[in-house]
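Here's a quick walk through one residue and then the chain around it. Have the sequence and the model open side by side as you read.

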Amino acid sequence: MKHKAVAASAALLLLPLTACGGNAAAGSDGSTVTVTVGYQSKTINTVTAGTLLRSLGYFEKELNSLGDGKHYKVDWQDYATGAPITAQMTAGKIDIGSMGDFPLLINAARGKQLGKPTHLVSVTGYNLRGGLNTIVTSPDSKLAGLTDLKGKKVSTSVGSAADGTLVRALQRAGIDPDKGIQKLNQQPAVGASALTAGSTDALSQFVAWPGLLTFQGKAKALYDGAQLNLPTFHGVTAREDFAKQRPTVLGAFLKAQSEATDYLNAHPVAAAESVAKATGLPAEVVYLYNGAHGISTFDPAVKPQLISALKKDVAVLKSAKLTGDIDVDSFVDDQYVKKALGADYAQRLAATPPASASEVWPKGAEKTVSFKSPAELLGYVKEHKDGIRAAYVPDATTGTLWFADKAVWVADGSRLLPFVAPATAKAYVAAHGGARVITYAGALGQAS
């Protein structure tokens, strides 16, 4: 199964390069420049370099303000994963792309291998514990933890951050990630359909698939990626020749990305609605990841802890024979984002994620309501049952935000504690005498 999965993943990178790309090319009159941007609209951890940025028009505005006598056109190309973006970049057909940490490493490896080097130039969204990736099962599944996956069919996208989470989680559980499960290498949408149809026992995927399926009642969490306590992120990569040829254009993109980041942070509900409209995803799911206290934190700064995590990711890809050694230090090039953001860069670099918090999104509201504890949130929900659009609570141990009605609840005396996955809830109960797992309805009943 492993060799089939690797072959399938490699095949994605060798698809015919039929998409039209601008390659930052000048028109016949030398005055028109087309910049081609590859993005993943539904991978909402990249919206500040893709979906949201496109809808706001900030990149086009920055380009028009360059004042260099050129007319700029942006060709936005939407893909489901990072692999085809890498294929188009190494063919010189995409100038700037955004993708997850594991695909970024494959991007680096393919670029070097083909003599078309690329560089990581900024970060979009990140989670310092790894909460962007989740393993889910069907709602009626009897699987209760990772050890139950032994011998089972598990769908993931080989070479993705979600696959990395699966491999590491299985290893920690004492299961050989190659021989201990039947791994199905599938695109996220295909894996989601397989889970719904019952042709796979579990699905390990990246944002926003686990949250979407859970929100739709088609899945429940089995493993919270934040249990690994290893950073995961998405970032922006650019072709080296493009960056050297048109540094002001890349600088304009990074300024625009920073502006889109500021917009998202200042207007999280409006941003979620905008992304939902563009992607067809429920706004409630977008907000789970991209909200004020969402699973993802957005900041273009290339933080050292993210690069350190990227270096650790290389071993996972090497074990799957997807890449050889990768010089991460030479792949990372933050000079452009430093120049684009100027004095603000140091402040962004030092910034930390906001503290976790419980939030309610009332129906018809343009802002959410925050609470000091999950119990307080439950009390509010109890009194406003018909007026709640969505309610979110952070996992008591990992801080990963989750839907309140989909969380696993534990009563510990007067405390009401939410967990993303059943295993972590049971671990808490085992370590705290008197604590017990209760239903969501039971938690609401105890809330005052």
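## Where N127 sits

N127 belongs to strand β5, which covers residues 118-127. Keep in mind that this is a predicted model.

Is N127 buried or exposed? Its relative accessibility is 12%, so it counts as buried, the cut-off being under 20%.

## What N127 touches

The side chain of N127 makes a couple of polar contacts with backbone atoms. One of its polar atoms lies 2.9 Å from the backbone nitrogen of G130. The N127 side chain also reaches over to I295, whose backbone oxygen is 2.7 Å away.

Once you set aside neighbours within four places in sequence, N127 is in contact with L132, L230, P231, T232 and I295.

## Zooming out to the whole chain

As for secondary structure, the protein chain has 19 helices and 19 strands. Its C-alpha trace spans about 75 × 50 × 35 Å along the principal axes. The radius of gyration is 22 Å, which agrees with the value near 22 Å for a compact globule of 448 residues.

Of those 448 residues, 59% are buried. Take the contacts between residues at least 6 apart in sequence: 74% of them join residues at least 24 apart.

## Surface and charge

The protein chain exposes about 17,600 Å², and carbon and sulfur atoms supply 52% of that. On the charge side, you'll find 45 positive and 37 negative side chains. The centres of those two sets lie 5 Å apart.

Conventions: Residues are numbered from 1 along each chain as its sequence is written. This is a predicted model: local features need pLDDT of at least 70, side-chain atom pairs count only at pLDDT 80 or more; totals for chains, interfaces and linings use all residues. Side-chain values use heavy atoms; hydrogens and water are left out. Helices (H or I, at least four residues) and strands (E, at least two) are DSSP runs, numbered from the N terminus. Buried means under 20% relative accessible area, exposed over 50%, partly exposed in between (1.4 Å probe, protein chains only). A polar contact is a pair of N or O atoms within 3.5 Å; within protein, one must be able to donate a hydrogen and the other to accept it, and residues adjacent in sequence count only if both atoms are side-chain atoms. Contact means heavy atoms within 4.5 Å. The radius of gyration is taken over C-alpha atoms; the globule rule is 2.2 Å times the number of residues to the power 0.38. Accessible areas come from the Shrake-Rupley method with a 1.4 Å probe; for residues, only the protein chains shown count as cover. Lys and Arg count as positive and Asp and Glu as negative; His and the chain ends are not counted. The place of a charge is taken as NZ of Lys, CZ of Arg, CG of Asp or CD of Glu.
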